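Thanks for coming. I will go through one structure, starting with a sheet and ending with a domain contact.

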Amino acid sequence: MPKVSITTRDGSQCIIDAPVGQSLMSAIRAETSDILALCDGSCSCATCHVYIEDAAADSLPPMSEGEDGLLDGCEFRREQSRLSCQILVDERHEGLRASIAPEE
Amino acid sequence: MAEQPGVVIVGAGQAGGELAFTLRSKGYPGSVTLIGREPHLPYQRPPLSKDFLLGKTGVDSLFVRPASAYDKHDIDRLLDVEVTHIDRTTKAVICSTGEHLAYDKLVLATGGTARKCALPGSDKPNAYSLRSMADAERLQRALDGVKTLVIVGGGYIGLEIAAAATTLGVATTILEAAPRILTRTTGPEVATFFEEQHRGRGVDVRTSARVVALHGDTAVDEIELAGGERLACDAVIFGIGLIPETTLASNAGLDTVNGVRVDTGMRTSDPDILAVGDCAESEHTLYDRHIRLESVPNALEQARVAAATICGDPVEYTAVPWFWSDQYDLKFQAVGLSTGYDEVVIRGCLTDNSFLACYLKRGEVISVDAVNRPAEFMVAKRLIKQRASVDRAALADDAVPLKSLLRPT
């Protein structure tokens, strides 16, 4: 199972197991209550916003119009912004590093 | 010697589950026990009327967190167990198993049950409602075999089931007793939009259609409307609202009106008992009244507020309510409560399936319905939070970025 590194809002870092085939959001939610994921991964709310700091090239799926739109409405959008519910974990994500974006 | 009583949560839905984990992430040191009537760990209900019916989402992906997460964070689970009584004097709950569980703080996250149709015949085996995973599994099996389906109730749940059934090729009729659908939640413009969307895909949407009788011996074969018309059906689904589960609270003498009454910190009239989620009617800093909301975002936000109260680090419940619904290729998001609006401004074009309906009260944006406009929905949330008075012409003009209407922060 890929291990990914998550930096929570208080700045602490943890290494978590991210089951293949599930979303990165689910893996983070199993470990920390930092992300609310209010819409449970239906790409409706942007409360699972993360910054992907390090990931293997091409291992991230392209952004859908919906995800791009939601992020566009976020105050804290950055270059590395993604909605973690839209990233399905696979083996290439071993070593991925992400930090949780501030609450909107 | 038993350990010190900790937090007991009655109801293992999304509110209860979120509360348990938030307590742990805030460092709550005592025991945390989650008691659920259903045999399942907390799972997501919203997909039950959408992707689950379509077979796109299986049971496994409904669970919010894996069982291992509960073990890791030392959250005890008592599933398939009903709490029958609260003893406030000894501070304990009594379970259907006979077990007595002492609490320091008790949280009611009991949700609600689907409102039942009062007409004779509504308990026939082909009459359904949808609240639980078991309901959804029954309904999914039923949709596999039926040709004609009648849905009673033109609210979101009815519309979502209609979208799924139609996509599966079932001939579907929606019967709404009121003159239009979505009366509780949207203005007439958006209701008309959804009526047309469903009609355009072959759903027979009938408004001012009051059901007066259900006919059939072993099953409901025909539904009779006021006026005498009879509609044949293979199955009927009642999507006529939710009854908040308040029996435990009212039997324990807690204040209940349209739900268990709580303050902005989720405390009931007994300071050692809190309530969250669909069952709770809470004081809200944005509104001068108690409101009860049936939505996952509300359940999760309230769970966090309750955890903060329990941990002695109280915050007030201030989140702007919001909802979402997916039907066909329409992503619908609504934010704020439109009650009392005096003007609607449409941004974009209804016929493009991409627009906002903005509800204004004395010039202030109090609520927005967004169809296929996720970015503007996010901005709308901020507009409402700011209680912004906006220029109507700019609001209606797609060429003016919605963001530019925000007050600088």
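Strands here are DSSP runs of E with at least two residues, helices are runs of H or I with at least four, and both are numbered from the N terminus. Two strands count as paired if DSSP finds at least two bridges between them. Axes are lines fitted to C-alpha atoms, for helices over the stretch in contact, and angles run from 0 to 180 degrees between N-to-C directions. E12(B) pairs with E13 (residues 222-225) of chain B over 4 bridges, in the antiparallel sense; Val211(B) has Leu225(B) in E13(B) as its bridge partner.

Some conventions. This is a predicted model: local features need pLDDT of at least 70, side-chain atom pairs count only at pLDDT 80 or more, and totals for chains, interfaces and linings use all residues. Residues are numbered from 1 along each chain as its sequence is written, chains are lettered from A and ligands numbered from 1 in the order in which they are written, and side-chain values use heavy atoms, with hydrogens and water left out.

Next, an open sheet of 5 strands in chain B, also with antiparallel pairing, runs E22-E23-E26-E25-E24. E22 (322-327) and E24 (343-349) of chain B are at the edges with a single partner strand each, so one side of each has no neighbour in the sheet. The twist averages 15 degrees from one strand to the next.

What packs on this sheet? Helix H4 (residues 156-167) of chain B does, touching E22 and E23 of chain B (contact: heavy atoms within 4.5 Å), and its direction makes about 25 degrees with that of E22(B). Of the 12 residues of H4(B), 10 are buried, so the helix is largely enclosed by the rest of the structure. Buried means under 20% relative accessible area, exposed over 50%, partly exposed in between, with a 1.4 Å probe and protein chains only.

Last, the domains, whose bounds come from an automatic or database assignment. Chain B has domain 1 (7-113 + 242-310), domain 2 (116-238) and domain 3 (329-405). The C-alpha centres of domains 1 and 2 of chain B lie 30 Å apart.
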